[in-house]
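Please examine the model shown here.

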Amino acid sequence: MTRIRSISLRRVLDSRGNPTVEADVLTESGGFGRAAAPSGASTGEYEAVERPPTEAIAAAREHAVPRIEGLFAGDQREVDAVLRAADGTDDFSEIGANSAVAISMATAKAAADVLGAPLYQHLGGAFRGDNFPIPLGNVIGGGEHARDATHIQEFLAAPVGAPSVVEAVFANAAVHAAVAEELDERDVPAAKGDEGAWAPAISDAEAFEVMDAAVETIEDEVGFEIRFGLDVAAAELYDSDEEVYVYGDETKTRAEQIAYVAEMIDEYDLAYVEDPLDEDDFEGYAELTERVGVAGARPSQAGDCLICGDDLFVTNTDRLQTGIDVGAGNSILIKPNQIGTLSDAFDAVELAHRNGYDAVVSHRSGETEDTTIAHLAVATDAAYIKTGTVGGERTAKLNELIRIADDAV
Ligand SMILES: C=C(OP(=O)(O)O)C(=O)O
Ligand SMILES: [Mg+2]
């Protein structure tokens, strides 16, 4: 295997118009990989730290790049371990998780290029057969991603019965269009939020109705089962002084929040609920998980509702282990930039799978054209991949998924 000859880092634009870190990795035999860090808006308190790109690049050039140049490109674990050692902190606050994840992902792409293999195969996906992640598509959103819209951050289409990835991807786009029609009929204008989801000024209750109607319309059209799900992003709603969840003028106690989410799962047969409670409430997650009766290995395979930890677990194996120990949730959201390296993201998926939890690989609200997460989702046999449904930085991932399924990457 060839060694890494050089690493270049630069600032590029993300989908919000903010700067982010892009890395190029070049090997001695001419292998090339390029990757860019995404960026969150509703970030978890326990995520690895993103530094302003200029500082992150300067720190990575000083501390990490000289130690990684010369390593074998295919030895991802070694490269990621050296990134961590060069940073020297627990949370990548020296070189920035944005520099770290860009270098980690670009290294994997360079190694795949050397092998002449698609990235998902290099990452371990050669034996995945016909298992493909189901795309969860954000079609109505608010929270931290849009002002004056729903309190719940994301309403996500879940085409669980789609016979193929391509049909699933197009079904989500059709639900996005059907939501626009449904809003139009109700005379509700809607701009789009950060992830391309419609961001109407309607109540959460009305958004449930709109989703339900749109999903049913498209289900009838395509002839396979489409459910939907949520990212409540409840840490953003939680007032820790008052110990209540704040929905505009209304509040819910912890018990009311658990009851509300359980009721919505039941009423709308939700396939997926992410971050239903605050990021410190492992016990609350456990209570809800038990209440909605999710049992057994890999709930997605049994058609059960996923209770997924994003801000709760932050792609971190220590936090996931705490959750596993108390029965908090049954799935984990995987965002490589929350933890800083691909090796750490893989460890989180493997710990999840060994314990019957599903993995859901996810984009961030601030994205680039980077397609690494499509390969990561296939390589790890993730149950779902969460992205938007429209917009270039979102369709980049979806179109790559279609190409992987078509063996055309
Ligand atoms: C994608 C999400 O948003 P952000 O990237 O803003 O954390 C999320 O909360 O799942
Ligand atoms: Mg989330």
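The sections below describe these topics in turn.

## Basis of the description

This is a predicted model, in which local features need pLDDT of at least 70 and side-chain atom pairs count only at pLDDT 80 or more, while totals for chains, interfaces and linings use all residues. Residues are numbered from 1 along each chain as its sequence is written, and chains are lettered from A and ligands numbered from 1 in the order in which they are written.

## Domains

The chain is assigned domain 1 (4–116) and domain 2 (125–405), with bounds from an automatic or database domain assignment. Their C-alpha centres are 27 Å apart.

Contact (C-beta atoms, placed from the backbone, within 7 Å) joins 32 residues of domain 1 to 31 residues of domain 2. On the domain 1 side, two or more residues come from each of strand S3 (32–36), helix H3 (76–87) and helix H4 (97–115); H4 gives the most, with seven residues. Helices (H or I, at least four residues) and strands (E, at least two) are DSSP runs, numbered from the N terminus.

## Ligand site

Around ligand 1 are Gly40, Ala41, Ser42, Thr43, Glu144, Asp231, Ala233, Asp310, Ser362, Arg364 and Ser365, each with its C-beta atom, placed from the backbone, within 6 Å of the ligand. Because domain 1 and domain 2 both give residues to this shell, ligand 1 lies between them.

## Helices H14 and H15

In H14, Ile373, Ala374, His375 and Val378 meet Lys397, Glu400, Leu401 and Ile404 of H15.

Methods
Two residues are in contact if their C-beta atoms, placed from the backbone, lie within 7 Å.
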